[in-house]
Amino acid sequence: MLLQMHDYSPEAKVYWWTTAVLGLVALSIAVATIAGFERGAILQIVLGATFAAVTGAFPVRIPGAKTSIAGAEIFVFLLLLLYGPAAAAFATAAEAAVGSWRTSDRWTSRLGSPAMAALAMYGCGTTFTIALHALRSGGDPGLGIIFGMLLLLAFAYCSTSTLLMA
C-alpha cells in the first residue's frame with residue numbers, strides 16, 4: 001500500500017485525508033492563481049520557492065519530536081508581501097516537500113506535509129492580505145504596523161501549521 005496508515009486510528013485517518021485534500025485544493029488554487037501572473041512575476045515566485053525548497057533541504061529536527069523545521073520563512077513572507085498568499089503557499093509547500101523527503105520515508109509525511117503547510121499559509125496569508133487591504137483603505141498604515149502584522153502572521157502560521165501537522 002502506498003500510504004502506510006496502519007498505525008493511525010480511524011479518526012486520525014479521517015483527519016489526515018481531510019487536511020491533506022484541503023491542502024491540495026489550496027495548493028491547486030495557488031498554482032492556478034500564479035499561472036495568471038506575468039512571466040516575470042512567475043519567474044520570481046519560482047525562484048523564491050526554489051530558495052525556500054533549498055532551505056528545506058537542511059531541516060533541523062526538534063529533539064524528542066517527529067517534527068523538523070527549516071528557515072525558509074524569510075522567502076515565504078517576502079513572496080507573501082510581493083505576490084500574495086498564493087505565492088507564499090506555493091513556496092511553503094515546496095519547502096515542506098523537500099524537508100519531508102529528507103526526514104521521512106513515509107508517504108503520509110511526504111504528501112501531507114506540503115499540503116498542510118500550503119493550507120496553513122494560504123489561510124493565514126489570505127487573512128493577512130485582507131487585514132492589510134482594510135488598513136490601507138484608511139491610508140498608509142506605515143511600516144511599523146505592517147511589521148507588527150507580519151509578526152502576528154508568523155505566530156498564526158506557526159501555530160496553525162503545528163496544529164495541522166501534530
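**Exercise 1.** How are α3 and α5 oriented to each other?

*Solution.* The model is predicted: local features need pLDDT of at least 70, side-chain atom pairs count only at pLDDT 80 or more, and totals for chains, interfaces and linings use all residues. Residues are numbered from 1 along each chain as its sequence is written, and side-chain values use heavy atoms, with hydrogens and water left out.

Step 1. Helix α3 covers residues 73-83 and packs with α5 at an angle of about 45 degrees, the axes being 11 Å apart. Helices are DSSP runs of H or I with at least four residues, numbered from the N terminus. Axes are lines fitted to C-alpha atoms, for helices over the stretch in contact, and angles run from 0 to 180 degrees between N-to-C directions.

Step 2. Angles under 35 degrees count as roughly parallel, over 145 as roughly antiparallel, 65 to 115 as roughly perpendicular and the rest as oblique. Therefore α3 and α5 are oblique to each other.

Step 3. The crossing of α3 with α5 is right-handed, a term for a near helix turned clockwise from the far one by less than a right angle.

Step 4. From α3, Val 76, Phe 77, Leu 80 and Leu 81 meet Met 121, Gly 125, Phe 128 and Thr 129 of α5; contact means heavy atoms within 4.5 Å. By class, this contact of α3 with α5 has six nonpolar, two polar and no charged residues. Here Ala, Val, Leu, Ile, Met, Phe, Trp, Tyr, Cys and Pro count as nonpolar, Asp, Glu, Lys and Arg as charged, and the others, Gly among them, as polar.

**Exercise 2.** Determine how α5 and α6 are arranged.

*Solution.* Step 1. Helix α5 (residues 107-137) packs with helix α6 (residues 143-165) at an angle of about 155 degrees, and their axes are 9 Å apart.

Step 1. The two helices α5 and α6 are therefore roughly antiparallel.

Step 2. Their crossing, α5 with α6, is right-handed. The residues in this contact of α5 with α6 comprise 19 nonpolar, four polar and one charged.

**Exercise 3.** Is Tyr 83 buried or exposed, or does it fall in between?

*Solution.* Step 1. Tyr 83 lies in helix α3. With a relative accessible area of 23%, Tyr 83 is partly exposed.

Step 1. Along the chain, Tyr 83 and Phe 37 are 46 residues apart, and their C-alpha atoms are separated by 9.2 Å.

Step 2. With residues up to four places away in sequence not counted, Tyr 83 touches Phe 37, Ala 41, Gln 44 and Ile 45.

**Exercise 4.** Characterise the position of Ala 91 in helix α4.

*Solution.* Step 1. Ala 91 lies in helix α4, residues 85-103. Its relative accessible area of 0% is why Ala 91 counts as buried.

Step 1. Ala 91 and Leu 47 are 44 residues apart in sequence, and 9.3 Å apart in space from C-alpha to C-alpha.

Step 2. Apart from its neighbours within four places in sequence, Ala 91 is in contact with Ala 49, Ala 52, Val 76 and Leu 79.

How values were computed. Buried < 20%, exposed > 50% of the residue type's maximum accessible area, 1.4 Å probe, protein only.
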